[in-house]
Amino acid sequence: MENKKISFKDTLKSADTEEFIDIWFYRPIGYCWALLFRKLGITPNIVTIASIFIGVAAGILFYYDNLLINIYGMLLLIWANSYDSADGQLARMTGQSSNFGRILDGVCGDLWFFSIYIALCLRLQNAGFDWYIVWPLALTAGFFHSKQAAMADYYRNIHLLFLKGKSGSEVDNSTKLTEKYNTLSWNKDFWNKIVLFFYRNYTITQEKSTPALQKMLQVLQAKYEENVPEWFKTEFRAKSKPLMKYTNMLSFNTRVIALFVGLFLNQVWIYFAFELTVLNIMLIYMVRTHEGFCKGFTKKIEKIEG
């Protein structure tokens with residue numbers, strides 16, 4: 001695998017789920033990084049860890065009420081995200097994808113924005129905003145940020161499941177994760193068990209937010225087991241694909257554009273307001289639409305005999 005020529009297209013998840021900015025900016029840059037890292041023998045997880053340090057440093061620079069320093073922070077955040085793209089592309093190049101890498105990748109984004117949120121809160125306090133307004137605002141925005149990102153990730157991988165099958169999707173099942181969790185020992189597998197504990201809870205949250213989807217998956221499993229018919233895959237993707245643009249908007253690029261606008265205008269509260277209003281409206285629409293057509297598919301499958 002190490003010497004095999006891997007094209008740029010081979011490193012993408014799918015045309016259905018890639019965003020315009022990613023396809024034309026981050027993925028090409030990430031592909032170049034991935035080729036270099038593969039040549040140097042650097043693993044995807046090392047790339048992810050490097051992106052954590054770069055992204056956290058970017059957040060720290062957003063604390064300063066100085067546009068030039070903020071621009072340096074923006075460039076660092078773009079650099080970090082190019083590494084975040086590269087780690088997945090490198091994993092697909094080298095066949096080194098793993099659940100741990102997926103979890104680490106999720107933690108990476110959380111740490112970036114943890115740094116950003118703290119920096120923005122302290123900056124707002126320095127600008128005269130009361131702490132009892134700033135920090136609850138940031139905590140609320142952070143809660144919904146987590147929800148937005150989790151649901152975007154879940155719907156994207158559900159779409160990939162019916163496009164590429166299990167090998168092309170990172171969808172997990174909380175029941176299976178619990179079984180695996182119970183086989184691990186706190187004495188021998190402490191870190192693996194701790195990581196799996198949080199990842200399992202993350203997956204449970206995704207599942208609890210999508211009851212109609214879970215029902216549809218159960219009915220599919222009961223009727224077809226692993227042999228899901230092509231008609232269903234085709235019809236599901238047709239319904240799901242229009243929502244992929246919202247999964248992308250709720251992930252990174254759109255929220256970062258709002259962040260950069262707030263920094264350029266020196267009105268960083270705009271970022272929190274954007275997350276709480278525009279992105280939450282997108283989230284509600286996405287979940288309601290997805291749950292709606294999942295109910296329709298469940299009824300259709302249950303009516304099919306045999």
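Start with Phe 260: leaving out residues up to four places away in sequence, Phe 260 touches Phe 62, Met 74, Leu 77 and Ile 78, where contact means heavy atoms within 4.5 Å. Keep in mind that this is a predicted model, in which local features need pLDDT of at least 70, side-chain atom pairs count only at pLDDT 80 or more, and totals for chains, interfaces and linings use all residues. Residues are numbered from 1 along each chain as its sequence is written, and side-chain values use heavy atoms, with hydrogens and water left out.

Now zoom out to the core. The largest nonpolar core has 38 residues. Such a core is a set of buried Ala, Val, Leu, Ile, Met, Phe, Trp, Tyr and Cys residues joined through side-chain atoms within 4.5 Å; buried means under 20% relative accessible area, exposed over 50%, and partly exposed in between, using a 1.4 Å probe and protein chains only. Among the residues with the most contacts inside this core are Phe 62, Leu 77 and Phe 260. At least two core residues come from each of helix 1 (20–40), helix 2 (44–61), helix 3 (67–94), helix 4 (99–126), helix 5 (131–164), helix 11 (253–265) and helix 12 (269–303). Helix 4 gives the most, with 10 residues. (Helices are DSSP runs of H or I, at least four residues long, numbered from the N terminus.) Apart from this core lies another one of 30 residues, including Ile 158 and Phe 293.

Next, look at how helix 3 and helix 11 pair up. Their axes come within 10 Å and cross at roughly 170°; axes are lines fitted to C-alpha atoms, for helices over the stretch in contact, with angles from 0 to 180 degrees between N-to-C directions. So helix 3 is roughly antiparallel to helix 11, a label for angles over 145 degrees. Among the residues that meet here are Leu 67, Met 74 and Leu 77 in helix 3, and Val 256, Leu 259 and Phe 260 in helix 11. By class, this contact has 10 nonpolar, 3 polar and no charged residues. Ala, Val, Leu, Ile, Met, Phe, Trp, Tyr, Cys and Pro count as nonpolar, Asp, Glu, Lys and Arg as charged, and the others, Gly among them, as polar.

Finally, check out two loops. Asn 266 lies between helix 11 and helix 12, and has a positive phi of about 60° although it is not a glycine. Asn 266 is partly exposed, at 37% relative accessibility. Glu 225, in the loop between helix 8 (211–224) and helix 9 (230–240), also isn't a glycine and has a positive phi of about 55°. Glu 225 is exposed, with a relative accessible area of 52%.

Terms used
Parallel < 35°, antiparallel > 145°, perpendicular 65-115°, else oblique.
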